[in-house]
Amino acid sequence: MKSYDVIILGAGAAGMFCAIEAGRRGRRVALIDHAKAPGEKIRISGGGRCNFTNLDIRPERFLSQNPRFARSALSRYTQHDFITRVDAAGIAWHEKTLGQLFCDGSAREIIAMLCMDMTEAGVDLMLGTSITDVSHGDGFTVQTSAGSLHAPKLVVATGGKSIPKMGATGFGYQLATQFGADLVETRPALVPLTFTSAQLDEMKPLAGLSVPASVRCGRIAFREGLLFTHRGLSGPSILQISSYWREGEAIEIDLAPDVDISAALAAEKQARGRQAVWGVLGAHLPEKLARQIVARAGLAGNLADQPKAKLKALAQDVSAWSVRPVGTEGYRTAEVTLGGVDTRGLDARTLESRTVPGLHFIGEVVDVTGWLGGYNFQWAWSSGWVAGQAV
Ligand code: FAD
């Protein structure tokens, strides 16, 4: 049996970052992953450029049953700390939009930086290694395909259930249950929404079109791009709202949030009443979409022929289009998993279990889920760092 000070399960963003900090503090660290390469999600993130953090990290941009929980870790290891590390590694980056920072080159540069840091910190990285059993007595014993390991500290960083094709297993939740930790129900988040076949028939011909939109569900709204797809609706605004949407709820979409469509229709009716109705919408929306909205409203003839009430209803179809999703695309395409290990059972400063000393949960496996835009990686860095300081 090999002895370590810390065993970390999962060589994703959180696990690697924790391993580096613990190793730098002189701890003997084993980092185990069943995948052949570390940080596979980092590699595919941000379209291959990794949106590694956000300039405007705020605790209220994370969803959790305990919205205050993430505050401590996020303030102890901030986005600026991570940017300093990226700068020191000579990785060029840019702000794309809304404070979102991406590599200029490739996400692989972030993985290379983390691998270099792990080597310097003396981390024993065990890839392609499956975990067959975890037990707790005098410390933790982990049985693996590469033999038995023992350590007084165990960190669970096995992520959520999203993208099973890439090795996501839900193993962390199983371990949490084994150790008596409570779980907050999990569901796919940052995920495209799906619709009834009738609604889909309307959306399909628009597949590929993207518009800046404001998407609302209850009291929360996001103003970002919306994309029509063959399967329903996607794009940043839809992914964001999917984390808040629940079955049965409608979402309201403003397809032209910068324009008062009602006023535009009234003014054009006065000034150029002989034009086609779709032409007014077409000044603010892609033509295909404008034509479809007018056709759906059943408006024949030119603008001057339309009664005021019909134009008001048409404006409503653009500015407050109400759709009722029937579901999401699920874990197959979800960027993250909402819910997870209940934060009430964890110490916010160390991510250590309150009932099993020496056991930590970090990253996505915990019930802390960020907005789209670099928030989830920042949670992985911050939670990994604080646990790395504690073990
Ligand atoms: P993970 O990165 O999922 O790592 C978990 C590790 O545990 C994996 O290496 C896995 O192989 C290993 N593991 C799982 N089960 C076992 C097991 N049973 N035995 C051994 N090992 C196991 N977030 C952003 O902030 N910015 C982005 O640009 C961004 N883009 C994304 C794009 C996509 C397509 C996806 C799917 C997600 C994206 N995310 C992004 C979210 C982000 O990738 C995650 O929030 C983050 O990776 C979570 O880090 P983690 O270390 O907790 O888990």
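Here is a short tour, from the sheet to a single serine and then to an annotated span. The model is predicted, so local features need pLDDT of at least 70 and side-chain atom pairs pLDDT 80 or more, while totals for chains, interfaces and linings use all residues. Numbering starts from 1 along each chain as its sequence is written, and side-chain values use heavy atoms, without hydrogens or water.

Start with the open five-stranded sheet: its order is β8-β3-β2-β12-β22, paired in parallel. Strands here are DSSP E runs of at least two residues, helices are H or I runs of at least four, both numbered from the N terminus; pairing takes at least two DSSP bridges.

Now pick 124-126 (β8) and 359-361 (β22): these are the edges, and each has a single partner strand, so one side of each has no neighbour in the sheet. On average, neighbouring strands are turned by 15 degrees against each other, direction ignored.

Next, select 153-156, which is β12; three bridges join this strand to β22 in the parallel sense. Look for Val156 opposite Phe361 of β22.

Contact means heavy atoms within 4.5 Å; angles run from 0 to 180 degrees between N-to-C directions, using axes fitted to C-alpha atoms, for helices over the stretch in contact.

Jump to Ser72 in helix α3 (71-76). Is Ser72 buried or exposed? It is buried, at 18% relative accessibility (buried is under 20%, exposed over 50%, partly exposed in between, with a 1.4 Å probe and protein chains only). Leaving out residues up to four places away in sequence, Ser72 touches Ala348 and Arg349.

Finally, highlight 187-336: its end C-alpha atoms lie 9 Å apart, and the span is 36% helix and 23% strand.
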